[in-house]
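Morning, everyone. Please bring up the model on your screens.

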Amino acid sequence: LSPYLGFNGSHQASMLAAPGSDLIRRGASAAPYPVYMLIAAIFALYALDKARKRKLKFFRGPLDYAVFLLPLIAALSIPGAWDTRGAVNLALLLACCAALYWLTSNLYSQDTAYLLLTALFAGAVLISIRNLAPVFQGTAATLEALGAYLSASFLCGLYLISVYQRLPARLALSGGCFLILLTALALRSWVTCLVLLLGTIFLLIGSPKESRRKMLGQVMIPAAIAAPTTAHAASTAVTPSWLWLCTGLFLVLTLQYTWHRMEQYTTYPQPTDEDNIYTPGQTYRRLRPWVTPAAALLLSLVVMIGAGAYINNALSQSPQSSITLEEGLLRSRDALRIMTSDWRTFITGTGGGGWNAVYHKYQSVYYQGEVPGAFWQAGVELGIPGIITLIAVWAFFLLLIRRTMFQPTQYRRTISPQTSAITTAALAIGCHSILGCGFSPAALPLSLFTLFGLGSGPGLSQNRVPE
């Protein structure tokens, strides 16, 4: 459903889309009502099933209260809203976010988490393919939100590569990571690049020690090819750009296949529990000692050369986002001035869409309609209760993650790496939300609250993970 949630690329690309393009063409400002209806139907069916079994429970901790309080605050801001339709859309969006959070946290299991993360990653691959041409041509919309969504999905893809051991799945995941990283780097956003770098480091730290080297190799494979491909594709015509893309994808798949074969040669069999000997009649091949260090050195050199080419190309071109750090700070000050303009705005806010309706009265410099971040948008449109509740959602989520990470030793091996990946992906969206992403397009908050539900599932399900 993610292509229907606002990441529509350019208007020209939307006209060539498959059935359903009418919904996509309405852009990021239009609410995806069919998606809201689908979420509401699933939520109602599951809630009725839980009520029939007398197991219905909406609130299991402070995080549940904070999440369900957000749509209530948005609904209370509708009577005095500057834009009634925008206020209703925001209330519906936050209600669907709360429903997705409750569903994913209640349905949490290892297999469910793998399935939802794979779905999130597959949607990001489709979005990256649709936005490749608009991004390289400089006509893509919602750049900050697109960078946040692709960053979180890329980190989820790296974790899934370490989970799935079959070669076809790894090839598909590695190719998808390459396409996502290619589109993210083509945005030429320093925020997105910094989030990708720090998120990868945190993901490596949160993974088990014995698998960090393998995950580092999986990171270097798409990064080594995506950086030079982005640099060369951005400096040539459209047709050679697609040639660079196909060549880079072929190289990534070849490297992934080689890496998979090397893992088979360097993974030694363990003695069986019955006879404490290896399986008779089976031979095991080993790589020569110099092969792995040489491959790591060669891949590192390719990464360094590709990063240098990308940096030189990025410095020679202006970033696609026209918002500077100074202008972002001025917009944040304008948001604070709107919040404190009168007592009613301070308490109930201007309602959804209120920022676009009133910001021109308080702007310090001339700009057009960019929200200075989700937290300031919550303060302007939902009042001081909205921004406090949004901060509380993040605080309770991180506290619950901390409690989950320090479970007994027998649970850390399976739960901690997955929780670490989910938390890193959520923080990638959160960092972009601080610096320029609001509640639009709808795919971003819906994905974020889905990650909230997956991350809080082990901590809230005390029958699965004991204290």
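Which residues does Ala148 touch, not counting residues up to four places away in sequence? The list is Ile429, His432, Cys437 and Leu444. Keep in mind that this is a predicted model.

Where does Ala148 sit? Look in helix 7. Is Ala148 buried or exposed? Its relative accessibility is 0%, and buried means under 20%, so Ala148 counts as buried. Now pick Ser433. Ala148 and Ser433 are 285 residues apart along the chain. Their C-alpha atoms are separated by 8.1 Å.

Helix 7 covers residues 143–163, and helix 9 covers residues 190–206. How do we describe such a pair? Two packed helices are described by the angle between their axes and the distance between the axes. Here the angle is about 25 degrees, and the axes are 10 Å apart. Angles under 35 degrees count as roughly parallel. Helix 7 and helix 9 are therefore roughly parallel to each other. Their crossing is right-handed.

Who makes the contact? From helix 7, we have Gly147, Ser151, Phe154, Leu155, Leu158 and Tyr159. From helix 9, we have Thr192, Val195, Leu196, Gly199, Thr200 and Leu203. What kinds of residue are these? Seven are nonpolar, five are polar and none is charged.

Now helix 9 on its own. Buried residues in helix 9 include Val191 and Leu204. Thr192, Val195, Leu196, Gly199, Thr200 and Leu203 are buried in helix 9 too. Let's check its length. Helix 9 has 17 residues, so at 1.5 Å a residue it should span 24 Å. Its end C-alpha atoms are 24 Å apart, which agrees.

How many of the residues of helix 5 are buried? The count is 18 of 23, so helix 5 is mostly covered.

Find Ser420 in helix 17, which runs over residues 409–435. Ser420 has 9% relative accessibility, so Ser420 counts as buried. What does Ser420 touch, again not counting residues up to four places away in sequence? Its partners are Phe202, Gly206 and Met405.

That's my tour. Over to you.

Conventions. Residues numbered from 1 in each chain as written. Predicted model: local features only at pLDDT ≥ 70, side-chain atom pairs only at ≥ 80, totals over all residues. Heavy atoms only, no water. Axes fitted to C-alpha atoms, helices over the stretch in contact; angles between N-to-C directions. Helix = DSSP H or I, 4+ residues; strand = E, 2+ residues; numbered from the N terminus. Parallel < 35°, antiparallel > 145°, perpendicular 65-115°, else oblique. Left-handed = near helix turned anticlockwise from the far one by under 90°. Contact = heavy atoms within 4.5 Å. Nonpolar A, V, L, I, M, F, W, Y, C, P; charged D, E, K, R; others polar. Buried < 20%, exposed > 50% of the residue type's maximum accessible area, 1.4 Å probe, protein only. Expected span 1.5 Å × (residues − 1).
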